[in-house]
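Subject: Structure for your review

Dear colleague,

Please find the sequence and structure below. A summary of what was found follows them.

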Amino acid sequence: MAGPDIYNTRINIERLWGSIAEMAMIGPGISGGSNRQTLTDADAQGRALLKRWCENEGMDVGVDQMGNMFAVLPGTDADALPVYLGSHLDTQPTGGRYDGVLGVLSSLEVVRTLNERGIRTRHPIGIVNWSNEEGARFVPSMIGSGVFAGAYSPDFALSRTDKDGKIFGDELRRIGWMGDEPVGSRPMRAYLEYHIEQGPILEAENRSVGIVTGCQGFSWLEITLTGREAHTGSTPMSMRANAGLAMARIMEMVQQLAMDHQPDAVGSVGQVFFTPNSRNVLPGRVIFTVDVRSPYLAKLDMLHDEVDRAAHQIAAELGVGISIAPVGRVNPVAFDTELASACRQSAQALGLSHMDIISGAGHDACWLAKVVPTTMIMCPCVGGLSHNEAEEISPEWAAAGADVLLHAALAIAQIAQMPDHDEEAA
């Protein structure tokens with residue numbers, strides 16, 4: 001029904017940018033970013049705002065037992081499976097205002113644009129807000145989408161605890177966002193996720209849009225080192241069981257391991273807890289997480305195994321006890337080639353500079369790809385900075401990816417009705 005002039009239909013960037021700013025007022029950070037951690041009161045307020053916006057567009061909003069939100073705009077074919085768009089609204093404690101939020105609110109902007117232009121699709125269009133994508137408060141990350149895809153059981157997910165001992169299921173009930181819908185019960189034709197890159201490649205290559213062909217896999221290991229608390233001044237260097245020193249050597253080992261296996265390998269330590277964390281006491285216990293990633297399964301397995309082996313060796317050499325527990329794992333993911341092609345063709349038709357890219361970060365799309373055709377679109381971010389209140393994108397970048405999301409969704413959901421003047425122009 002639609003001809004080339006359909007590509008004159010674009011999202012309203014002023015409206016999208018305003019929605020992002022309004023959402024950022026909920027759970028504001030201290031330096032312009034966001035602190036809307038999962039299952040907090042701020043998370044509940046952000047969810048409520050999204051629900052109100054969706055209902056204003058004539059969407060039916062449902063919630064499953066993990067708190068995943070689904071809003072659906074009906075299509076013309078009652079039997080056609082919905083095409084879902086989305087991401088997440090939860091943030092890091094010192095997060096930016098675009099990570100996840102850009103994808104959810106651009107999906108809303110797609111629906112607003114369709115309604116404004118009087119365009120109807122054969123397949124329904126849905127919006128998803130996944131619970132606990134970040135994993136900042138409850139481990140593992142991406143747990144809402146993980147349960148949806150069958151990677152975790154609901155009982156496992158709902159029993160997770162935060163650092164204060166609060167239980168995921170209890171907090172979900174407390175904020176009023178535990179739904180009745182069984183998790184994973186919504187069939188989907190496809191899932192598209194729009195997200196900031198969280199890396200520097202698109203900006204460095206001067207491309208407005210990234211067509212994501214897959215995601216790196218990652219493995220998170222929580223290492224507990226047990227030494228002996230002792231006075232830092234009166235304990236001879238040769239008589240120490242220093243858990244802090246063992247941690248430092250393991251950190252250096254992770255860095256060198258990743259450097260020795262370039263390209264396509266990264267490794268880091270991002271979270272550390274010392275006990276008793278006193279200036280003049282050798283730490284008796286140190287708990288920290290190691291994060292290794294690669295787009296290739298064999299290399300990811302090698303990095304995981306080598307961290308385990310080398311960490312045990314370091315601890316033994318220093319007389320320190322060690323235990324290692326896996327706390328998160330997602331294998332490398334290849335996205336659907338048909339959907340990636342639809343995104344690529346949309347970018348070309350819109351005249352936007354674009355390139356194929358592999359995501360260095362994990363996303364809900366990684367789990368969805370296990371159960372439904374899935375792909376991602378990426379927006380550049382300044383300096384590749386993310387998980388930081390200084391995270392920054394431009395309105396032009398945001399609009400480019402949102403326009404690709406709009407037209408890829410139209411291609412997949414199939415335009416069924418357009419206003420007469422648009423049909424004539426087409």
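Throughout this message, two residues are said to touch, or to be in contact, when they have heavy atoms within 4.5 Å. This is a predicted model, in which local features need pLDDT of at least 70 and side-chain atom pairs count only at pLDDT 80 or more, while totals for chains, interfaces and linings use all residues. Residues are numbered from 1 along each chain as its sequence is written, and side-chain values use heavy atoms, with hydrogens and water left out.

**Nonpolar cores**

Two further terms are needed here. Buried means under 20% relative accessible area and exposed means over 50%, with partly exposed in between (1.4 Å probe, protein chains only). A nonpolar core is a set of buried Ala, Val, Leu, Ile, Met, Phe, Trp, Tyr and Cys residues joined through side-chain atoms within 4.5 Å.

The largest nonpolar core has 104 residues. Leu 105, Met 188, Tyr 191, Leu 192 and Ile 393 have the most contacts inside it. Helix α12, residues 395-413, gives the most to this core, namely 13 residues. Helices (H or I, at least four residues) and strands (E, at least two) are DSSP runs, numbered from the N terminus. A second, separate core has 24 residues, among them Leu 303, Ala 310, Leu 318 and Val 320.

Not counting residues up to four places away in sequence, Met 188 touches Phe 70, Leu 81, Pro 82, Tyr 84, Val 128, Trp 130, Phe 148, Leu 368 and Val 372. As a general point, nonpolar side chains in soluble globular proteins tend to be buried together.

**Helix α12**

Of the 19 residues of α12, 16 are buried, so the helix is largely enclosed by the rest of the structure. Just after α12, Gln 414 takes a positive phi of about 70°.

His 407 is found in α12 and is buried, with a relative accessible area of 3%. Leaving aside neighbours within four places in sequence, His 407 is in contact with Ile 6, Tyr 7, Thr 9, Ser 346 and Leu 350. His 407 and Val 286 are 121 residues apart in sequence and 50 Å apart in space, C-alpha to C-alpha.

**Two buried serines**

Ser 107 lies in helix α3, residues 101-117. With a relative accessible area of 1%, Ser 107 is buried. Residues up to four places away in sequence aside, Ser 107 touches Leu 85, Gly 86, Ile 127 and Leu 405.

Ser 19 belongs to helix α1, residues 13-24, and counts as buried at 6% relative accessibility. With the same exclusion of residues up to four places away, Ser 19 touches Trp 53, Leu 105 and Arg 112.

**Cavity**

On a 1 Å grid over the protein atoms alone, a cavity is a set of points where a 1.4 Å probe fits but cannot get out, and lining residues have an atom within 4 Å of a point. Grid points are joined across faces, edges and corners, and a volume is the space filled by probe spheres set on the points.

The structure holds one cavity of 30 Å³ or more, and the largest cavity has a volume of about 30 Å³. The residues that line it are Leu 50, Cys 54, Met 69, Phe 70, Ala 71, Ile 127, Val 128 and Asn 129. At least two lining residues come from each of α2 (41-56), β2 (69-73) and β5 (125-129).

**Backbone details in loops**

A cis peptide bond joins Val 139 and Pro 140, with omega about 10°. Pro 140 is in the loop between β5 and α4 (143-148). The peptide bond from Thr 275 to Pro 276 is also cis, with omega near 10°, and Pro 276 is found in the loop between β9 (266-275) and β10 (285-294).

Asn 206 has a positive phi of about 60° although it is not a glycine. Asn 206 lies in the loop between α7 (201-204) and β7 (209-215) and counts as exposed at 64% relative accessibility. Phi of His 387 is near 55°; this residue is in the loop between β14 (374-379) and α12 and counts as partly exposed at 39% relative accessibility.

Yours sincerely

Definitions and conventions:
On a 1 Å grid over the protein atoms alone, a cavity is a set of points where a 1.4 Å probe fits but cannot get out, and a pocket is an open set with protein on both sides within 12 Å along at least five of seven lines; lining residues have an atom within 4 Å of a point.
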